[in-house]
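Please look over the notes below with the model open beside them. They start with the fold and then turn to individual residues.

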Amino acid sequence: MASGSSSSGRSLNPPSFPRSPAQVRFTPKGDQLVVTVKGTTAIYVFGLDKDGRAGDSPTITQSPGPAIPSFFGFNFDKKGDLLATELFGSATGVSFNTGAISSFKIANNGHLTPISSHVGDGGTAACWIALEPINGRFAYVANNLSNSISSYKVENNGVVTLLNGVAATA
């Protein structure tokens with residue numbers, strides 16, 4: 001069966017929701033494209049050529065165990081470090097009270113080096129992340145299924161620490 005086809009032979013374009021991109025964004029320098037895909041444990045980093053076209057072979061960073069998150073939303077701090085939200089669970093459901101974020105350095109070749117891993121906030125379904133726009137020292141994560149927003153401190157070296165698991169409720 002061809003890639004992207006269903007068992008009935010029909011194309012899955014767009015792809016099925018649990019395996020479609022969660023977020024796609026250029027790095028702050030504009031030389032790489034970062035993609036997270038729902039239901040996977042990986043972050044894809046594509047190098048861009050001089051014309052701005054993404055390469056065919058991304059650098060793929062798999063989540064380190066023991067917990068296996070699905071990376072979802074992400075943002076970049078003022079130094080260009082990647083901060084990614086993490087959903088924990090499986091294709092059949094989300095694990096409750098396990099929302100987290102991780103931060104990474106991005107190398108020129110697309111390899112990600114962990115800075116902070118699985119910094120939990122106690123929320124459910126950590127999806128989107130925004131940084132305070134003035135100096136970027138605070139990150140806010142929307143926990144969709146627990147209807148809360150968590151707050152984190154972002155250090156100059158990319159280290160993140162939880163400030164408040166429930167900084168606001170919906």
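1. Order of elements. Read from the N terminus on, the protein chain runs β-β-β-β-β-β-β-β-β-β-β-β-β. That is 13 strands and 0 helices. Bear in mind that this is a predicted model.

2. Burial and surface. The protein chain has 170 residues, and 42% of them are buried. Its accessible surface comes to about 9000 Å². Carbon and sulfur atoms hold 56% of that surface.

3. Salt bridges. How many salt bridges does the structure hold? There are 2. As background, side chains of opposite charge can pair when their charged atoms come close. Each pair is taken in turn below.

4. Asp-81 and Lys-105. The side chains of these two residues form a salt bridge, at 3.0 Å from N to O. Asp-81 sits in the loop between strand 5 (69-76) and strand 6 (82-90), while Lys-105 belongs to strand 8 (residues 100-106), so the pair ties together parts that are 24 residues apart in sequence. Is Asp-81 buried or exposed? Asp-81 is buried, because its relative accessible area is 2%, under the 20% cut-off. Lys-105 has 37% relative accessibility and therefore counts as partly exposed.

5. Arg-53 and Asp-51. Here the side chains meet in a salt bridge at 3.5 Å, again N to O. What is the relative accessible area of Arg-53? The value is 54%, so Arg-53 is exposed. Asp-51 counts as exposed too, at 52% relative accessibility. Both values lie over the 50% cut-off.

6. Phe-138, placement. This residue is found in strand 11 (residues 138-143). Phe-138 has a relative accessible area of 30% and is therefore partly exposed. That value falls between the 20% and 50% cut-offs.

7. Phe-138, surroundings. Which residues does Phe-138 touch, leaving aside those up to four places away in sequence? They are Ala-130, Leu-131, Glu-132, Tyr-152, Lys-153, Val-154 and Leu-163. Val-160 can be located from here as well: Phe-138 and Val-160 are 22 residues apart in sequence, and their C-alpha atoms are 8.9 Å apart in space.

Terms used
Residues numbered from 1 in each chain as written. Predicted model: local features only at pLDDT ≥ 70, side-chain atom pairs only at ≥ 80, totals over all residues. Heavy atoms only, no water. Salt bridge = Lys/Arg side-chain N within 4 Å of Asp/Glu carboxyl O. Buried < 20%, exposed > 50% of the residue type's maximum accessible area, 1.4 Å probe, protein only. Helix = DSSP H or I, 4+ residues; strand = E, 2+ residues; numbered from the N terminus. Areas by Shrake-Rupley, 256 points an atom, 1.4 Å probe, with all protein chains shown as cover. Contact = heavy atoms within 4.5 Å.
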